[in-house]
Amino acid sequence: MSPSTPRPPSAPARTAPSRRIKSPQRLIAESGTDLEGHGLKRTMGLFQLVCFGVGAIVGTGIFVGLSDSVAKAGPAVVVSFVLAAVTCVFTAFSFAELGGAIPVSGSSYSFAYASLGERSAFLVGWCLLLEYGVSVSAVAVGWSQYLNELLDSLTGWQLPAALSAGPGEGGAVNLPAVIVILLAATLLVRGVRESARATAAMAVLKIGILLVFCAVGFSAFQDGHLSPFAGSGLGGITAGASVAFFSYIGFDAITTAGEEVKDPRRNVPIAILVCIGIVTLLYCAVALSAIGALGADEVAGRPAALSLVVDRVTGSSAGGGVIAFGAVVAIASVVLAVMYGQTRILMSMSRDGLVPQVFERVSPKTATPVANTWIVAAVFAVPAAFAPLDVVVNLTTIGTLAVMAVVNLAVLVLRRRARDLPRSFRVPFFPVSPLLGIGFCLYLIWGTGWRTWLQFAVFLGAGALLYAVYGRRNSRLAAAPEETAGPVPPGA
């Protein structure tokens, strides 16, 4: 066969697994990002995208987790929130650069595919499945608890324990947790426009409730409650920041909307940075007003601290009902946003042949991956209804941190490998910012302990086995290498 003779279609060139790296240009071309987007429609504007990000971030972290951060740092928890935001910004910068340069639905999975290769990308997707799955199930359980609190505040009646808690918590099935997941799935399959509108409405509502809380708290503000400001010293502030850091997780879901956002190269980076700014200001204001009203000792260790503050300041138990309503709305929006992100990541993996094709099918009527969404809802609903999730919290944490470290690494790799790739946003202080992001993630991973490392190693081993058995054999990149991928749209 002469050098000019094309390879027969029956014998496609195959790429060694270690060299299966999909270029950013090919990712963009295959997703149709510069066209309409692989059956998806561009219906989300910047405002809706910002609300989507706020919806994914603001939830149990502030309504429930504030008391844990205060217990660590005392009145200096405000500094802890700022410190957590600063450290989170390093990774947010990396997500903003890659989200603007590679605006596709795969988010971290696609970024890893373009920089580190197929096997690493599959393992990132595997970690995201754990992160999103456990977080949705856990958040749905929290929604169930707040729904009962709201019902008690409004009617004096609660759902029986048999229907509002899993077997590990003295019940039979957590029915409200299943219901909120199914409601989110129903919204998602109706169309991204409807989902975006619902998320925007919920985001505006919960921000409004938190602003009202701040007004109530500041009306009873006492300077003496801030003294001593940092009684536990720098160690307390750092410990508080470690807890508060996870209140910011969720902004990465913005990049999963890359194929359904208008002008994604502009709007995705802006939305990420605006969300971090809004959430930081909101968290600091809520923490300062709560401590100023009651003092750190009263707020620390109280899961329903916000309700307590409003009840004490107003002298009425109605305040707790308002906060419970805000928490129900806030947590529901997190379920919706995170489920959306998971379905889009699975769709990207299916598009590459690494998971079954059912996950990439888009309904021509609703322009949404309907089967994908219902499968995800069914899988997430089972642990929400029955399983104790606290046993895998640390495993989820280390998986999330590993993904964030990979995204920072992807920025470093692509700056060298794809220097001409159009970037609407560039990480400032490069390469210091992504290196600091990697270092901070590794530091927190080190703090999870050797048992969690062992669990994570087993989890990654299972993912690697799944890739070897299914993903590597069905990879579309292996069957159609980079050189046969076809033309790339101009400006991709």
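This is a predicted model: local features need pLDDT of at least 70, side-chain atom pairs count only at pLDDT 80 or more; totals for chains, interfaces and linings use all residues.
G295 touches H225 and A290, leaving out residues up to four places away in sequence; touching, or contact, here means heavy atoms within 4.5 Å. This glycine sits in the loop between α12 (264–294) and α13 (296–299), where helices are DSSP runs (H or I, at least four residues), numbered from the N terminus. G295 counts as buried because its relative accessibility is 7%; buried means under 20% relative accessible area, exposed means over 50%, and partly exposed lies in between (1.4 Å probe, protein chains only).

Residues are numbered from 1 along each chain as its sequence is written, and side-chain values use heavy atoms, with hydrogens and water left out.

Next comes the loop between α5 and α6. S105 is found in this loop, with α5 (77–101) on one side and α6 (108–115) on the other. S105 counts as buried because its relative accessibility is 0%. Setting aside neighbours within four places in sequence, S105 is in contact with L40, T256, E259, R344, I345, M347 and S348. S107 belongs to this loop between α5 and α6 too, and its phi is near 55°, a positive value in a residue other than glycine. S107 is buried, with a relative accessible area of 1%. D263, also not a glycine, has a positive phi of about 50°. It lies in the loop between α11 and α12, and D263 is partly exposed, with a relative accessible area of 44%.

What about the nonpolar core, meaning a set of buried Ala, Val, Leu, Ile, Met, Phe, Trp, Tyr and Cys residues joined through side-chain atoms within 4.5 Å? The largest one has 152 residues, and F81, I102, I181 and M339 touch the most other members. Helix α15 (residues 318–351) gives the most to this core, with 18 residues. As for I102, its contacts are P24, L27, I28, F111, A114, L414 and L421, not counting residues up to four places away in sequence.

Now for how helices pack. Axes are lines fitted to C-alpha atoms, for helices over the stretch in contact, and angles run from 0 to 180 degrees between N-to-C directions. α6 and helix α7 (residues 118–155) have axes 7 Å apart and pack at an angle of about 165°. That makes α6 roughly antiparallel to α7, since angles over 145 degrees count as roughly antiparallel, under 35 as roughly parallel, 65 to 115 as roughly perpendicular and the rest as oblique. On the α6 side, S108, Y109, A112 and Y113 meet E118, S120, A121, F122, V124 and L128 of α7. By class, this contact of α6 with α7 has seven nonpolar, two polar and one charged residues; Ala, Val, Leu, Ile, Met, Phe, Trp, Tyr, Cys and Pro count as nonpolar, Asp, Glu, Lys and Arg as charged, and the others, Gly among them, as polar.

α7 also packs with helix α9 (residues 175–190), at an angle of about 115° and with axes 8 Å apart. Here V136, A140, V141, W143, S144 and L147 in α7 meet P176, A177, V180 and I181 in α9. The contact of α7 with α9 has nine nonpolar, one polar and no charged residues.

How do α5 and α18 lie relative to each other? The axes of α5 and helix α18 (residues 432–446) come within 8 Å and cross at roughly 125°, and the two helices are therefore oblique to each other. Across this contact, T87, F90, T91, F93 and S94 in α5 meet S433, P434, L436, G437, F440 and C441 in α18. The residues of the contact of α5 with α18 divide into six nonpolar, five polar and no charged.

The peptide bond from F430 to P431 is cis, with omega near 5°, and P431 lies in the loop between α17 and α18. The bond from S227 to P228 is cis with omega near -5°, and P228 is placed in the loop between α10 (192–219) and α11 (233–245).
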